[in-house]
Amino acid sequence: MKKNSKNKVARVYSAALYEVASNSGDVDGICDDIVKLHSIVKEDANLVSYLTNPLWSEIDKIDVLKRTADILGLKKETFNCLKVVVENNRVSDLLLILDDFKKLYYHNEGVAEVVVETVKKLTSIQDKKLKKVLEKIANKKVVVEYKINPLLVGGLRVQIGSEMFDDSLAHKLNYLENVMKGK
């Protein structure tokens, strides 16, 4: 199947889940579920491998999903969506569905996705201050994805949409080097 048709499938499932979330009045709670699931699925492929394995029955797969949902404290609507994904043999598209739901949520709720690269993990106080500044810059609520990049030497590299703000020490040193070389 072409990637384009997989994206269409993901959009259908994510739009359906978003509609259910809107009708339930708990879009934020369901988005929190999706973020939890996304990180688990992205970091550990075992769940998807199990759920796509044809040797296991649909009943067993749904049982594993139910136990996983209980452990994670997922909402009923989120579990029902996962159940439909399993029943329709679309588990291989799960990461795309979760990604698409997050994008739909961020778009509809006016949230900006921001990627911040740092040399080391920020403290909670630094995180709060940075988010406050980023919300002023973006003029909306932000969701920050942090990446550790020791090559920055110090400072930050921030990407909001297509805009990049590079205040890293490595960037400044490269700039000074170019100035001294006459470039």
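A: One begins with a helix: its expected span is 1.5 Å times one less than its number of residues. Helices (H or I, at least four residues) and strands (E, at least two) are DSSP runs, numbered from the N terminus. This is a predicted model, in which local features need pLDDT of at least 70, side-chain atom pairs count only at pLDDT 80 or more, and totals for chains, interfaces and linings use all residues. Residues are numbered from 1 along each chain as its sequence is written, and side-chain values use heavy atoms, with hydrogens and water left out.

Q: What span should helix H8 have, and how far apart are its end C-alpha atoms?
A: Helix H8 (residues 169-181) has 13 residues and should therefore span 18 Å at 1.5 Å a residue; its end C-alpha atoms lie 18 Å apart, in agreement. After H8 comes Gly-182, with a positive phi near 85 degrees.

Q: Where is confidence lowest and where is it highest?
A: Confidence is given by pLDDT, the predictor's value for each residue, from 0 to 100. The protein chain has a mean pLDDT of 91, and 98% of its residues reach 70 or more. Helix H3 (residues 46-52) is lowest, at a mean of 85, while helix H7 (residues 124-138) is highest, at 95.

Q: In what order do the strands of the sheet lie?
A: Two strands pair if DSSP finds at least two bridges between them. Here four strands form an open sheet with mixed pairing, in the order S2-S1-S3-S4. Strand S2 (141-148) and strand S4 (163-168) are the edges, each pairing on one side only.

Q: Which residues stand opposite each other in the pairs that S3 makes?
A: Strand S1 (residues 111-118) and strand S3 (residues 155-160) are antiparallel over five bridges, and Val-116 stands opposite Val-158 in S3. S3 and S4 are also antiparallel, over six bridges, with Leu-156 opposite Asp-167 in S4. Their hairpin has two residues between the strands, and Gly-161 there takes a positive phi near 60 degrees.

Q: Which element gives the largest share of the lining of the largest pocket?
A: On a 1 Å grid over the protein atoms alone, a pocket is an open set of points with protein on both sides within 12 Å along at least five of seven lines, where a 1.4 Å probe fits; lining residues have an atom within 4 Å of a point. The largest pocket is lined by 24 residues, and Val-35, Lys-102, Tyr-106, Val-143 and Glu-145 lie nearest its centre. Helix H2 gives the largest share of this lining, eight residues.
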